[in-house]
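Student: Could you take me through a close look at one residue and the parts around that residue? I would like one connected picture, with the cut-offs spelled out.

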Amino acid sequence: EMSEMSERSKQNVAHGLAWSYYVGYLKIVLPQVKKTMEEFSRANPNVPVCRETWKLHILIPLSCDVYDDLEKADSNIQYLTDLTETTLTRAGTKKRVYKHSLYMIKDEDKLWSCAVEYATPLQSLYAMSQDECAAFSREDRLEQAKLFYRTLEEILKGSKECTGTYRLIAYQELGEAETHSLSREILWHLQQQRWEEYAMHEENQPHNPSTALSSTELSLQISDSDLPQPLRSDSF
């Protein structure tokens with residue numbers, strides 16, 4: 001009976017997607033991220049890199065609207081290259097390839113490089129909301145996206161091998177008029193990581209400022225306004 005109730009309320013959709021994403025992908029690739037970033041840095045000394053951001057930055061738009069081409073999502077995001085591949089034989093597929101793409105994010109006065117990609121299970125949530133057979137409404141999709149984020153966050157927090165290898169970037173889109181909202185969101189996280197690392201090693205720094213928020217402090221409440229609002233509590 002409980003299983004049927006959970007199925008009807010779709011409570012198990014995001015939970016299953018988050019675990020599948022972790023076990024079938026993140027648990028495999030995340031432990032290799034710092035190594036591949038270091039290899040790239042040695043081979044390309046002229047490319048600006050920041051050790052504090054040698055992580056996989058995972059985009060989680062709550063609308064589940066995922067672009068296949070990040071450069072089309074925001075012109076301030078430019079593809080640079082692919083990092084070293086991880087090859088495994090898995091589930092009957094010989095030499096299955098896992099890899100990440102490195103992008104340059106344009107700031108006002110500098111360029112930032114980082115590995116960034118969308119959380120691919122969000123494509124499934126979006127597709128379900130477009131398929132009549134799934135009986136999955138826009139409201140269901142939004143709730144499942146938030147549940148996916150919270151579940152994935154908890155899973156990764158408990159994963160020792162993935163510690164320090166990722167950054168979850170959950171956000172609400174600001175509308176078509178905000179053409180560079182995605183790059184600004186990524187830049188905020190890159191700058192925060194650099195500041196957090198600096199503060200950690202700065203003996204005279206008494207405490208973190210109120211703007212230094214972890215992913216757990218992101219508010220996932222939906223605004224009463226017609227337009228989506230930023231998730232960071234420092235924006236209110």
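Tutor: Happy to! Let's look at T36, which sits in helix 3, residues 33-43; helices here are DSSP runs of H or I with at least four residues, strands are runs of E with at least two, and both are numbered from the N terminus. A word on the source: this is a predicted model, where local features need pLDDT of at least 70, side-chain atom pairs count only at pLDDT 80 or more, and totals for chains, interfaces and linings use all residues. Residues are numbered from 1 along each chain as its sequence is written, and side-chain values use heavy atoms, with hydrogens and water left out.

T36 counts as buried because its relative accessibility is 8%; buried means under 20% relative accessible area, exposed over 50%, and partly exposed in between, with a 1.4 Å probe and protein chains only. A polar atom of the T36 side chain lies 2.8 Å from the backbone oxygen of V33. Leaving out residues up to four places away in sequence, T36 touches L83 and T84, where contact means heavy atoms within 4.5 Å.

Now the helix itself. V33, T36, M37, F40 and S41 are the buried residues of helix 3. Down the helix axis they fall within an arc of 140°, so they line one face of helix 3; the arc is that of the directions from the axis to the C-beta atoms. R42 and A43, on the other side of helix 3, are exposed.

On a 1 Å grid over the protein atoms alone, a cavity is a set of points where a 1.4 Å probe fits but cannot get out, and lining residues have an atom within 4 Å of a point. The structure has one cavity of 30 Å³ or more. By class, the lining of the largest cavity has four nonpolar, five polar and one charged residues; Ala, Val, Leu, Ile, Met, Phe, Trp, Tyr, Cys and Pro count as nonpolar, Asp, Glu, Lys and Arg as charged, and the others, Gly among them, as polar.

Technical notes:
Polar contact = N/O pair within 3.5 Å; in protein donor to acceptor, adjacent residues only side chain to side chain. 1 Å grid on protein atoms, 1.4 Å probe; cavity = no way out; pocket = protein on both sides within 12 Å on 5 of 7 lines; lining within 4 Å. Points joined across faces, edges and corners; volume = space filled by probe spheres on them.
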